[in-house]
Amino acid sequence: MNTLTLKPGKEKSLLRRHPWIYATAVARVDGKPASGATVVVRAADGRFLARAAFSPVSAIRARVWTFDENEPVDHAFFKRRVSAALAYREQMVHDTGATRVIFGEADGLPGLIVDRYQSAPGAPVTDQIVCQFMAAGVEAWKDAIVHALVGATGCPNVYERSDAAVREREGLPSLTGVLAGAEPPEAPELLTTYECGVKYYVDVRHGHKTGFYVDQRDNRLLVQQQAKGRDVLNCFCYTGGFSLAALAGGAQSVLSIDSSGDALAIGARNVELNGFDAARAEWRDADVFKTLRALREEGRVFDMIVLDPPKFAPSAHHVDRAARAYKDINMAGFKLLRPGGQLLTYSCSGAIDADLFQKIVAGAAVDAGVDARILRRLSAGMDHPMLTQFPEGEYLKGLWLQRM
C-alpha cells in the first residue's frame, strides 16, 4: 500500500482536520504512487491520520479525501460526496439557476469546482454542468466524478473548463471539452440562466472561470435592493452581473467598464434579454485604472460604485503589489462617490485576508480624504460554504461602505 509518512510534529494540522499536506511536512513516501493515487497518511510514530490524493510535483503534496480509516476511496465514495453536496444546496440555495454544486475542500472533494446552469421557468431549456478539475486527485477520478454528477443531478451535459493556471502547479495539462452529453452553444446563442429575477447569458466555453461569477449572487442582490434612483459605476464589470442587478433595482444610470469587448457585448445583450432600457446602460471598453482617473478629471460623481477586480495576488509573493493596486482603485472610488454614496469593494485574492483587505481600504479612505462607515462585510453565497478548519476557502471578501 502506498504510504506517506510525516515528519515528527507535522501531524498537528491533520489532527485539526486541515485537508492539505505540504511537501515540506513529508518524511518519506513508501511505494510508487502515481499522480492522483490514494495514499495512507501516517504520523512519524505510525498512527493513521488520513487517506489522501498524492501529487508528486505540487507544493501541496497530498490533499485529504477522508480522516476515517474505515472509509475506502472508491466509486461509492464519490457518489456519497456528490449526493451530500447536492442535498445541502437544495436546502440552502434558492431563487437561482446558477449554483456552485461542488466547492472543493468544503464538500470533501479537494480541487474540484462544479457549477450548474439552469434556465428560468418558461425560457429555452438550459441544463449544463461545468467542471474544473484543479488537483491531481480529482483528475485521476474524473470519470467516477462525472458519472456521480450525472446520476445525482439528472443533468446529461457536462463540460470541462480545467484551464486555470493552478493545474500547471499540479503538473497537469490545460484541458477543455465535453465530458458528457452535448456541446454547449457558442455566441450568439449562448446558455441562459437566472438569479433573483434577472436573466443572464453565460459563455461556458470562453468565459471567465465556468462562464459566470456564481459566487457574487448575494452581493448582486444587495446592489439590486439598493440601486433605486442611483447613478451606478460598475468597474471590472465582465458581462455585467452587477450592472444588470442595478438596472433591475431601478438605477437611474449604470456605467460599466471592462477591458474585454467580448464580455461587454454579452452585457449589452443581457440588457436586451431582460427588457431593460438600454439608454440607462453605458458600456465602456477601457482600462479601469485610467478611466477612474479620467472620470475624476471630468468631475463625474456616482451614488454607488462596485469594484470587483480580478485576482491581484495569485500567491503570497504578490501581496505587496496587490495591496498597492487595491489601494489605488479604492482611493479613486472614494473620490468619485457623492456624500452618502455607497462603495461595494471586493478582493478574490486568497493571499489577501479579510483583515488586510479592510486595512487597505481604510488607508484608501484616509488618502482620499473621506470618512467611511462599514455597513456590512461581504462574502460568497451559501453554495460556497466555509469549513471552520480550512480558512483558505474564504477567497472572496468584500466591504459595503458608505461615504459619510
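First, the ground rules. The model is predicted: local features need pLDDT of at least 70, side-chain atom pairs count only at pLDDT 80 or more, and totals for chains, interfaces and linings use all residues. Residues are numbered from 1 along each chain as its sequence is written, and side-chain values use heavy atoms, with hydrogens and water left out.

Now the whole chain. It holds 11 helices and 20 strands. Those are DSSP runs, numbered from the N terminus: H or I of at least four residues for helices, E of at least two for strands. The C-alpha atoms fill a box of roughly 70 × 50 × 35 Å along the principal axes. The radius of gyration is 22 Å, which agrees with the value near 22 Å for a compact globule of 404 residues. That radius is taken over C-alpha atoms, and the globule rule is 2.2 Å times the number of residues to the power 0.38.

Of the 404 residues, 55% count as buried. Buried means under 20% relative accessible area, with a 1.4 Å probe and protein chains only. Contacts are heavy atoms within 4.5 Å. Among contacts between residues at least 6 apart in sequence, 63% join residues at least 24 apart.

First site: Arg 230. Its place is the loop between helix H6 (217-226) and strand E14 (231-235). What is the nearest side chain of opposite charge to Arg 230? Asp 303, 5.1 Å away. Arg 230 is buried, yet has no salt bridge. A salt bridge needs a side-chain nitrogen of Lys or Arg within 4 Å of a carboxyl oxygen of Asp or Glu. The Arg 230 side chain does reach the backbone oxygen of Gln 226, at 2.6 Å. Leaving aside residues up to four places away in sequence, Arg 230 touches Ala 251, Gln 252, Ser 253, Asp 303, Met 304 and Gln 342.

Gly 250 follows H7, and its phi is positive, near 95 degrees.

Look in the loop between strand E18 (337-347) and helix H11 (354-368). Ser 349 is buried, with a relative accessible area of 0%. Its side chain reaches the backbone nitrogen of Phe 312 at 3.1 Å. Ser 349 and Tyr 395 sit 46 residues apart in sequence, but 5.9 Å apart in space, C-alpha to C-alpha.

Methods
Buried < 20%, exposed > 50% of the residue type's maximum accessible area, 1.4 Å probe, protein only. Lys, Arg positive; Asp, Glu negative; His and termini not counted. Polar contact = N/O pair within 3.5 Å; in protein donor to acceptor, adjacent residues only side chain to side chain.
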